[in-house]
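Visitor: I have a protein model on screen and would like a tour. Could you take me through it step by step?

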Amino acid sequence: MTSPSSPVADHRDAMMHRGFLYRDEDEVVDVCVPFLREGLEADDAVAVVAASSNIDTLRDALGQDAKAVQFEEALSWYQHPVKTIAAYDSFVKAEKPRRVRVIAEPVWQGRTPLEVVEWARYESIVNAAFAHSGARAICCYDRRLLHPEILAYARKTHPEIIDGHGPERSDAYTDPGPFSATCDRRPLPPAPRIAESVSIVSTDLDAVRTFVAERASRHGMGHDALRNMVAAVSEVSTTAIRHGEAPARLSTWVHDGDLVCEISGPGYWYPDALWGFTPPADAEPGFGLWGVRMLCDVVQMQADADGTLIRLRTRV
């Protein structure tokens, strides 16, 4: 195997993002330990965010060097894709001017099909969010446990792959914009007949907020989640009126244990496939779709000649 610490391309400010498809603990040690030690020698900020079994394996293999590595359980770190991007963004900024070097292991077990798509999108968005951070990341995928679809996503979302040899450039790699667009291209099922709806005609949204709060409360949503959903609907509704064409429409219903709030209307108010996925610049005003994504479990978007639709989902 080519040394995983010898990148195909090594530019100080460019992110290195590799997918590591491993078969056993010996491979984890062979690939990850030299990578981590190289970071310690370079005075990088070194971290491991992985399954507890791999944390134990790497601690043992690193010996005394483990004291200089930050360890985090993957289950506590990978709970919400956009919040995870925000956490990594805070880590990168807090460690400047040191470079960040991470062994990461996203959690795939127990995800719904919709959640799998959103976590695959997360892996792709990382390439845009941290493109110029200089960060070094190896993302671990257990070939013994993961569905072939998830392993295929790894090849599409990582510019370089380690799979028994390498690292090598991934022929399947897709840039974040086009990849994210494919995630949103899948047709959304129409709102059910039981959905309740109201028109949005102006940025005076008191009636819209009341409408959402009443239905969220009726379905047993807790106070914090209710407040977050009201704020998210308000932000998207404002965008629909300011950048689309009135009237827009808000529909709500419950599906698979989620409260769904859909804002739709004429006009194209969907800037691009990465809208709201990358951390905003400090100088950017307003709440924006980044904030909306932070408040909701899943945000789905579609735009075509008939208009724009944004669907917000949060567990009741």
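Guide: The protein is split into domain 1 (16-184) and domain 2 (196-315). Keep in mind that this model is predicted.

Visitor: What distance separates the centres of domain 1 and domain 2?

Guide: Take the centres over C-alpha atoms. For domain 1 and domain 2, the separation is 31 Å.

Visitor: How many residues does the contact take from domain 1 and from domain 2?

Guide: Contact here means heavy atoms within 4.5 Å. Under that cut-off, domain 1 gives 18 residues and domain 2 gives 18 residues.

Visitor: What area is buried between domain 1 and domain 2?

Guide: Carbon and sulfur atoms give 68% of the buried area. The area itself is about 1,500 Å².

Visitor: Which residues of domain 1 lose the most area to domain 2?

Guide: Three residues together make up 35% of what the domain 1 side buries. They are Val82, Leu114 and Asp184.

Visitor: How many residue pairs are in polar contact between domain 1 and domain 2?

Guide: Salt bridges between domain 1 and domain 2 number zero. For polar contact, both residues must be at pLDDT 80 or more. The count of such pairs is three.

Visitor: Which elements give two or more residues to the side of domain 1 that touches domain 2?

Guide: By class, that side has nine nonpolar, three polar and six charged residues. The elements that give two or more residues are α4 (81-95), α5 (113-129) and α7 (176-185).

**An annotated stretch**

Visitor: How far apart are the end C-alpha atoms of residues 17-159?

Guide: UniProt, in an unreviewed entry, places the feature "domain: MEDS" at residues 17-159. This stretch is 52% helix and 20% strand. Its end C-alpha atoms are 6 Å apart.

**Backbone details**

Visitor: Where does the cis peptide bond from glycine 166 to proline 167 have its omega?

Guide: Proline 167 sits in the loop between β6 (160-162) and β7 (168-169). The bond from glycine 166 to proline 167 is cis, with omega near 15°.

Visitor: What is omega for the bond that joins alanine 246 and proline 247?

Guide: Most peptide bonds are trans. Proline 247 is in the loop between α9 (223-243) and β9 (248-255). The bond joining alanine 246 and proline 247 is cis, and its omega is about -5°.

Visitor: Is phi of aspartate 43 positive or negative, and what is its value?

Guide: Most residues other than glycine have a negative phi. Aspartate 43 lies in the loop between α1 (25-41) and β2 (45-50). Its phi is positive, near 60°.

Notes. Residues numbered from 1 in each chain as written. Predicted model: local features only at pLDDT ≥ 70, side-chain atom pairs only at ≥ 80, totals over all residues. Heavy atoms only, no water. Domains from an automatic or database assignment. Buried area = accessible area lost by both parts, 1.4 Å probe. Salt bridge = Lys/Arg side-chain N within 4 Å of Asp/Glu carboxyl O. Polar contact = N/O pair within 3.5 Å; in protein donor to acceptor, adjacent residues only side chain to side chain. Helix = DSSP H or I, 4+ residues; strand = E, 2+ residues; numbered from the N terminus. Nonpolar A, V, L, I, M, F, W, Y, C, P; charged D, E, K, R; others polar. UniProt positions renumbered as here; feature names shortened; annotations may be inferred.
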